[in-house]
Amino acid sequence: MKHRLENDTMGAVKVPQSRYWGAQTQRSLDNFKIGTSGSMPKEIVHSYAYVKKAAAMINAELGVLSEEKSKLIAKVCDEIIAGKLDDHFPLVVWQTGSGTHTNMNCNEVIANRIHVILGGNLNEEKRFIHPIDDVNKSQSSNDTFPTAMHIAAYTKLISYLIPKIELLKETFALKSDSMMDIVKIGRTHWMDATPLTLGQEFSGYVSQLEHGLRGLRNTLPHLAELAIGGTAVGTGLNTVDGYKEKVVNKIAELTSLPFISAQNMFEALSANDAIVESHGALKQLAVSLMKIANDLRFLASGPRSGIGEISLPVNEPGSSIMPGKVNPTQIEALTMVCAQIIGNDTTISIAGSNGHLELNVFKPVMIKAFLESATLLADASQSFNDNCLVGIVPNRIKINNNLQKTLMLVTALTPQIGYDNAAKIAQKAYVDNITIKEAAIELKILTGEQFELWVDPFKMTGLVK
């Protein structure tokens, strides 16, 4: 591989000839050989391009950067946003906790790409654009990285995750409506309880997702606050009057998202509470989906020797040794994703709680975990919806058999014959392995006609009075 020499304040560094990054990026590559190369999320890189573009435009507007330089920076930023320069961002998450190396990676790529656009050779020492004096003007890693974090997180939630959770919720709602008349036995403590309908059971899942979505949306206003303009410690040192407000407005304009300047710059740099808050809502959705998926796992179990009250789509063979076995693989994938998200929330909580004095220096791992959670939750929800949920059908025969065998229908008799007599009926039915009706008649506590009058499983669901 051919190399060139790039210089920074510490001297010369060998950089691959074909790459646009510079000395500081290369130093990070050499010093942090941890994990997979290029693990810094590309969403952060693309979000950084919005920050650099907006800053260049506002710096030109305020007279501290030439129009020519501003337009060139904006041009390269558009290339970054389009993903055309992804190969030139090789850094890992496991670097400086402020994200300084990624900030410099962006500055260097933009400056060197402009040099090539202008017909220059990267072996030349003199450049038209300086990575710090021009591309990083009015900025610090300490305010640009958290700004990129918020842009990336907000965009991922709005454009990717929320629509997929909405789709899942709507599919559950359709299933609930279609099965509202199918009476089944309820279960509490894993034991038989009073009846409800399959539609009522699924309506609980709809409500869980509705609450989860509402909770997630409630976090968006905090996430919309941007730290840009705070520079090193929140004071805005080395910016000119009006820069902070204008650059945030420009980012909002470029992204078409409702970003605003942080209410308090010191909070925006020293803490990442918005990320903690928003990921907490992701964890809530993961917890809900874990419960929902496990319920469906149990209801579909068997199919002959388990509960078996619903049937899942048959997508692929389930065993290399047991012919004909089919497993709830979409449920298993979804629950593994939920476990990962709950783990990511622990990472984010620990990282967020360690914002020391004027700067939190766990930022890269926080946004990595956040974006991973949002992406996994979105992808798993879509996969589960398309490959499992839409194909779920009730097993009416098994549902009716279970309903007829349950002892808990006796609950409807309590107002008529009292708790003690109802308990005698249930105990006899269990010991003699007969139905509740048969036990009631044998004990001569009531007649068959009275049983039919007082015990109506559909009325017990509360859907009719």
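User: In this predicted model, what is the handedness of the crossing of α2 and α9?

Analyst: The two helices concerned are α2, which covers residues 42–61, and α9, which covers residues 243–255, and they pack with their axes 9 Å apart. In this predicted model, the handedness of the crossing of α2 and α9 is right-handed.

User: How many residues of the contact of α2 with α9 are nonpolar?

Analyst: On the side of α2 the contact includes Tyr 50, Val 51 and Met 57, while on the side of α9 it includes Val 247, Ile 251 and Leu 254. The residues of this contact divide into 2 polar, 4 charged and, as the number asked for, nonpolar ones numbering 10.

User: Is Lys 250 buried or exposed?

Analyst: Lys 250 has its place in helix α9, and, when neighbours within four places in sequence are left aside, Lys 250 is in contact with Ala 54, Met 57 and Ile 58. Since buried means under 20% relative accessible area, and the relative accessibility of Lys 250 is 14%, Lys 250 counts as buried.

User: How many residues apart in sequence are the parts that the pair of Trp 190 and Phe 298 ties together?

Analyst: The structure holds 7 aromatic pairs, and in one of them the rings of Trp 190 and Phe 298 have their centres 4.5 Å apart and their planes at 55°, so this pair is tilted. Trp 190 is exposed, with a relative accessible area of 63%, whereas Phe 298 is partly exposed, with 29%. Because Trp 190 lies in the loop between β3 and β4 and Phe 298 lies in helix α11, the pair ties together parts whose separation in sequence, in residues, is 108.

User: Which residues form one aromatic cluster with Phe 202 and Tyr 205?

Analyst: The rings of Phe 202 and Tyr 205 have their centres 5.3 Å apart and their planes at 55°, so the pair is tilted. Phe 202 and Tyr 205 are 3 residues apart in helix α7, which means that about one helical turn separates them, and Phe 202 is buried, as is Tyr 205. The residues that form one aromatic cluster with Phe 202 and Tyr 205 are Phe 172 and Phe 384.

Notes:
Residues are numbered from 1 along each chain as its sequence is written. This is a predicted model: local features need pLDDT of at least 70, side-chain atom pairs count only at pLDDT 80 or more; totals for chains, interfaces and linings use all residues. Side-chain values use heavy atoms; hydrogens and water are left out. Axes are lines fitted to C-alpha atoms, for helices over the stretch in contact, and angles run from 0 to 180 degrees between N-to-C directions. Helices (H or I, at least four residues) and strands (E, at least two) are DSSP runs, numbered from the N terminus. A crossing is left-handed if the near helix is turned anticlockwise from the far one by less than a right angle, and right-handed if clockwise. Contact means heavy atoms within 4.5 Å. Ala, Val, Leu, Ile, Met, Phe, Trp, Tyr, Cys and Pro count as nonpolar, Asp, Glu, Lys and Arg as charged, and the others, Gly among them, as polar. Rings of Phe, Tyr and Trp (its six-membered ring) pair if their centres lie within 6.5 Å; planes under 30 degrees apart count as stacked, over 60 as edge-to-face and the rest as tilted. Buried means under 20% relative accessible area, exposed over 50%, partly exposed in between (1.4 Å probe, protein chains only).
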